[in-house]
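Let us work through a protein with a few questions. Have the sequence and the 3D view ready.

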Amino acid sequence: MSKPRLSRSALAGSELLPARPEGTGIVHLGLGNFHRAHQAVYTAAALAQDGGSWGILGVANRSRAVADALLAQDLLYGVVEISPSGSRVSVPGAHTGVLVAAQDPAAVTAAIADPNVRIVTVTVTEHGYTFSPKTGDLNLESAAVQKDLHQNEAPTTTVGQLAGALTIRARTHRAPITVASCDNLLGNGRRTAALVRQFLEHTGADDVIDWSADSVTFPNSMVDRIVPSSSDLYDAQSTARLGAADGIAVPAEPFSMWVMEDSFCAGRPRWEAGGAVFAADVEPYESMKVRLLNGTHSLIAYLGALDGRPTIPESIGRPFVEVAARAVLVVEYLPTVPVPDGVDIEDYIAQLFVRWSNSALGHKTAQVGSDGSAKLSQRIPIPALYHLKRGVAPHCLSLTLAAYLCCVCPPEGFDPGPHAGSMTDPARQRLAGLAASAASGEHFVRSVVEHGDILPVELARFPEFITRTAELVDTIVRHGPMAAAVEAANSTLSTGADGSGTTLD
Ligand code: CS2
């Protein structure tokens with residue numbers, strides 16, 4: 001017998017029925033799986049404890065699909081927490097409405113400008129901030145940014161939407177608001193503030209900049225939870241547990257972490273109820289997470305995809321990938337990370353390998369490998385420059401770049417396989433153009449660093465980094481990812497971050 005569609009009445013009487021949010025204090029930009037298994041869960045925990053007016057208006061960027069499905073399910077969905085020992089389903093229920101930005105961009109600006117809204121949270125991925133990876137500044141070469149700056153229409157970029165809404169607030173009711181970026185950008189709050197400010201400078205809105213100084217805060221935060229894509233399997237698990245048909249269940253690992261600066265100028269939910277941590281200085285948590293987890297994740301994804309592995313657990317299960325992952329993490333990333341107070345770094349690293357190996361999750365190499373052109377600038381350059389300036393070659397960081405290039409801009413005649421083929425990346429065409437005019441592999445890598453708008457140009461000052469990356473591309477093409485990984489990991493391990501040689505135990 002078919003089950004009723006998930007709704008509040010279908011869950012009536014169940015301990016899984018969440019409290020109903022009473023008001024919309026939060027607008028969230030980016031209604032993807034990560035938000036629905038992270039901030040929404042913390043907000044639901046705060047609502048369950050305190051009640052109150054902190055419901056979330058979720059804004060999907062382009063697609064109506066999730067928005068429509070949420071509307072059809074009373075804005076409810078299951079979060080399926082997956083571990084090798086089984087799964088657990090919960091229903092956050094923190095949303096009060098949905099919008100689709102592509103269909104009604106003016107409604108998004110109006111929603112953020114609403115005086116009752118006190119926080120806007122953002123998960124639009126690294127790519128969604130329209131900054132130039134080369135300079136870190138607002139990307140004035142982006143057509144979407146130019147359109148938002150110069151046309152008198154509702155903005156469509158995230159930075160434009162934030163600036164537009166702040167402009168309305170500053171020039172009407174002047175109620176304060178917090179803009180909380182929850183993406184994997186180093187100094188995500190500080191970066192968002194700078195991008196919004198640059199946008200406002202370009203539009204000559206000095207009055208808005210002056211008002212923002214006292215009435216808008218941009219806390220930095222570190223967010224962490226591995227959240228794969230949805231699938232029928234998770235819908236079926238959620239449906240079976242809820243006794244009601246859930247078409248938009250979100251899978252997630254059991255681990256979850258959210259560390260924020262406590263600078264919410266217009267109040268906030270008690271996210272501590274869901275386990276969130278407030279810290280005076282979040283940047284050490286961010287660099288620990290973005291380098292050790294995300295940076296190593298990229299290497300695992302690219303090597304695995306080139307080796308024909310569909311998932312991260314299958315990739316890290318290959319001994320050569322694990323050795324390269326440990327080498328890049330321990331020797332090349334770790335020395336560049338200030339360990340946050342109270343974190344047991346050995347335990348944190350041990351947990352990372354357990355999390356990556358969670359085979360029940362089915363986290364795809366293609367998912368983690370997508371959008372490398374925006375992700376790698378957060379992960380590779382600072383550690384690479386740290387070592388290069390000390391005269392040490394970071395072989396496994398070169399390997400990460402080499403494996404990325406082989407996946408998204410494969411040299412002629414080289415087939416990177418289906419998993420690399422399904423990685424999406426807005427830079428594919430740009431990279432293909434650079435490859436077509438390159439005289440050699442080394443020339444190609446140099447032009448990627450100098451003109452690819454993926455990494456800071458400063459890296460081009462170190463020819464050994466360029467040469468090593470090109471050599472590793474060549475090794476991948478001629479002998480496969482395993483040969484390249486073994487070669488790079490051996491070089492890294494025998495050199496060591498301080499030039500003294502290192503062993504992994
Ligand atoms: C991953 C992240 O796709 C990626 O680039 O490294 O999405 C990662 O799973 C999350 O940041 C974990 O918190």
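**Overall size and the open sheet**

Q: What radius of gyration does the protein have, and what would a compact globule have?
A: The model is predicted. The protein has 505 residues, and a compact globule of that length would have a radius of gyration near 23 Å. The protein agrees with this, because its own value is 23 Å.

Q: How many helices and how many strands are there in the protein?
A: Both kinds of element occur here. The counts are 22 helices and 12 strands.

Q: In what order do the 6 strands of the open sheet lie?
A: The pairing in this sheet is parallel. Read across the sheet, the order is 5-2-1-6-7-8.

Q: Which residue in strand 8 is the bridge partner of Ile177?
A: Strand 7 covers residues 177–181. It pairs with strand 8 in the parallel sense, over 2 bridges. The bridge partner of Ile177 is Val216.

Q: What share of the residues is buried?
A: Buried means under 20% relative accessible area. Out of the 505 residues in the protein, the buried share is 59%.

Q: How far apart are the mean positions of the positive and negative charges?
A: The protein has 38 positive and 52 negative charges. Each set has a mean position, and the two are apart by 3 Å.

Terms used:
Residues numbered from 1 in each chain as written. Predicted model: local features only at pLDDT ≥ 70, side-chain atom pairs only at ≥ 80, totals over all residues. Heavy atoms only, no water. Pairing = 2+ DSSP bridges. Helix = DSSP H or I, 4+ residues; strand = E, 2+ residues; numbered from the N terminus. Rg over C-alpha atoms; globule rule 2.2 N^0.38 Å. Buried < 20%, exposed > 50% of the residue type's maximum accessible area, 1.4 Å probe, protein only. Lys, Arg positive; Asp, Glu negative; His and termini not counted. Charge placed at Lys NZ, Arg CZ, Asp CG, Glu CD.
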